[in-house]
Amino acid sequence: MVTVAAAPWVLPVLVVFVMIALGAAAFDAVLANRRPGALLIPGDEMARLLRQRRRTTVSADSPLWRIGGGGLIVAALLMVVVIPVGGVALTDLSVGVVWFNTMDVAVWALVWLTGWGANSAHSLVGGYRFLAQALAYELPLMFALTAPAVGAASLRLADVVAAQQGLWFVVWMPVAFVVYLIGVVGFSVWGPLNPAAGRDIAGGILAELSGVDRLLVLAGRYALLSAGAAFAVPMFLGGSAGLPWLAGLLPGWVWFTVKWLLLLACLVATRRRIPTIRPDRFVEAGWLVLLPVTLVQLLVVSTVVVLRS
Amino acid sequence: MTIGIAFWVLAVVSVAAGIAVFVVNSMARATYALAVSFIAVGLALLLVNLEYIGIVTVLMMIMEMAIMAVYMVMFMGMNPALMPMSMVHSQKRAVVIGAGTFLVLAAGALFVPWPARRGVPAADLTASLGEALMGSKMLVMMTISPVMFATIVAGIVLAAPRTRYDRFGDDLTRRQPLDPQSGGVGR
């Protein structure tokens with residue numbers, strides 16, 4: 001079972017999460033520049049954007065634009081609150097898996113609004129691209145999230161973690177795990193799935209963003225990537241459990257953090273390792289490849305669950 | 001006390017956002033005002049411990065409105081809805097129908113004697129909902145699903161300008177479909 005952390009813990013936990021997201025940005029800067037000094041680039045960029053004067057466009061829909069841009073980081077923070085770390089979570093929601101799914105669907109609205117609000121053609125194309133791509137990754141992602149829930153016979157994350165004692169879900173649900181990670185990269189507008197912010201459309205949803213608005217969107221992408229990586233740990237990687245023969249060596253929260261950071265590093269690295277996939281190509285692959293293989297994975301999981309009971 | 005405050009906040013937000021749908025002058029704002037209204041209703045369901053239904057309502061409504069915004073901008077109005085435009089039409093009839101419906105429902109809520117509760121809620125509401133859908137209500141689901149699926153397929157067939165004859169030739173003998181854009185899986 002999970003203990004619910006006292007209210008004063010909320011702020012420190014969220015601050016640590018934001019620091020890790022900042023670390024992800026620093027890691028990406030090091031990968032891009034191939035020198036250790038690049039670690040400081042995100043800090044410099046943050047200071048620059050905070051001081052930059054906000055630029056606006058003719059008849060921009062400012063409220064919707066700001067809601068879209070500022071909402072990404074909020075959605076990521078809301079994803080984090082249901083994740084149990086070492087037997088403690090900020091909330092113990094009985095439908096934690098659906099909660100995470102709802103937040104990643106909220107990203108649909110937020111990214112489209114970021115594209116729409118600027119009243120600029122390139123931004124708008126970016127927003128539309130994201131929705132087309134989202135339709136292709138979301139259904140496989142939903143079924144990938146369903147697999148651990150079926151395996152644990154519960155939507156509560158504490159039960160999902162408890163069901164993985166002995167065998168982590170990643171071992172017998174590898175397809176769901178991979179599809180889940182594709183979904184995370186997708187809703188973070190990241191790496192191979194970032195055509196919504198592609199260079200071919202002058203930055204797409206980022207095209208007209210400046211100053212603190214731009215900072216919030218860029219930080220929101222890293223936050224979503226970090227939240228997605230963190231959520232994979234209780235869903236597929238056994239939560240705070242250690243490797244079977246080393247479990248006693250380290251406390252649970254250290255195991256959690258090690259798994260989280262390794263996964264996050266892999267996700268960040270996709271940006272420099274895999275080229276951007278054109279949205280029209282990804283859409284067909286999503287519907288004709290990802291969705292069927294995820295459904296087959298779900299069938300396997302359901303069969304195992306039925307046979308076992 | 002807290003639940004009472006939460007209920008009133010959510011109720012006011014849902015009604016105010018619902019009114020905003022007709023007051024604003026942009027398709028995007030109207031769509032997302034409607035989304036906010038539905039989100040408030042979904043969150044209000046959490047107050048009666050319907051966690052799964054409440055959160056799924058929020059999920060479905062955001063998804064639906066995100067897609068609907070695209071269609072609204074595409075199809076609505078004289079212009080492609082990128083310009084400011086009025087969100088109302090057939091105003092008098094709509095006001096009469098709306099007010100009438102409200103009065104009927106409100107009168108029903110106030111004057112019908114509510115029955116006393118006979119059962120008790122299940123321990124795990126999500127599980128019992130699943131059992132109802134997959135058990136006693138299965139026939140309904142089995143009927144609705146094919147009808148909805150057939151509707152979607154029929155809608156796409158009617159709306160798509162290109163048919164299989166355009167893609168595979170008059171005798172349907174072409175092996176590679178002739179598409180304006182090739183897809184991602186090498187067909």
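What follows is a short exchange about a predicted model.

Reader: Why are α4(A) and α5(A) called roughly antiparallel?

Author: The two helices pack at an angle of about 175°. Angles over 145 degrees count as roughly antiparallel. α4(A) and α5(A) are therefore roughly antiparallel to each other.

Reader: How far apart are the axes of helix α4 and helix α5 of chain A?

Author: Their axes are 8 Å apart.

Reader: Which residues of α4(A) and α5(A) meet?

Author: From α4(A), they include Val105(A), Trp108(A) and Trp112(A). From α5(A), they include Phe130(A), Leu131(A) and Met142(A). By class, the residues of this contact divide into 13 nonpolar, 6 polar and 1 charged.

Reader: What makes Ala44(B) count as partly exposed?

Author: Ala44(B) has 19 C-beta neighbours inside 10 Å. A buried residue needs 20 or more, and an exposed one has 12 or fewer. Ala44(B) therefore counts as partly exposed.

Reader: Where is Ala44(B) found, and in which helix?

Author: Ala44(B) is in helix α2 of chain B. Leaving aside neighbours within four places in sequence, Ala44(B) is in contact with Phe7(B), Leu10(B) and Ala11(B). The C-alpha atoms of Ala44(B) and Tyr165(B) are separated by 50 Å. Along the chain, these two residues are 121 residues apart.

Reader: How many residues does the contact take from chain B and from chain A?

Author: The contact takes 22 residues from chain B and 25 from chain A. On the side of chain B that touches chain A, α3(B) gives the most, with 12 residues. That side has 15 nonpolar, 5 polar and 2 charged residues.

Key:
Residues are numbered from 1 along each chain as its sequence is written. Chains are lettered from A and ligands numbered from 1 in the order in which they are written. This is a predicted model: local features need pLDDT of at least 70, side-chain atom pairs count only at pLDDT 80 or more; totals for chains, interfaces and linings use all residues. Axes are lines fitted to C-alpha atoms, for helices over the stretch in contact, and angles run from 0 to 180 degrees between N-to-C directions. Helices (H or I, at least four residues) and strands (E, at least two) are DSSP runs, numbered from the N terminus. Angles under 35 degrees count as roughly parallel, over 145 as roughly antiparallel, 65 to 115 as roughly perpendicular and the rest as oblique. Two residues are in contact if their C-beta atoms, placed from the backbone, lie within 7 Å. Ala, Val, Leu, Ile, Met, Phe, Trp, Tyr, Cys and Pro count as nonpolar, Asp, Glu, Lys and Arg as charged, and the others, Gly among them, as polar.
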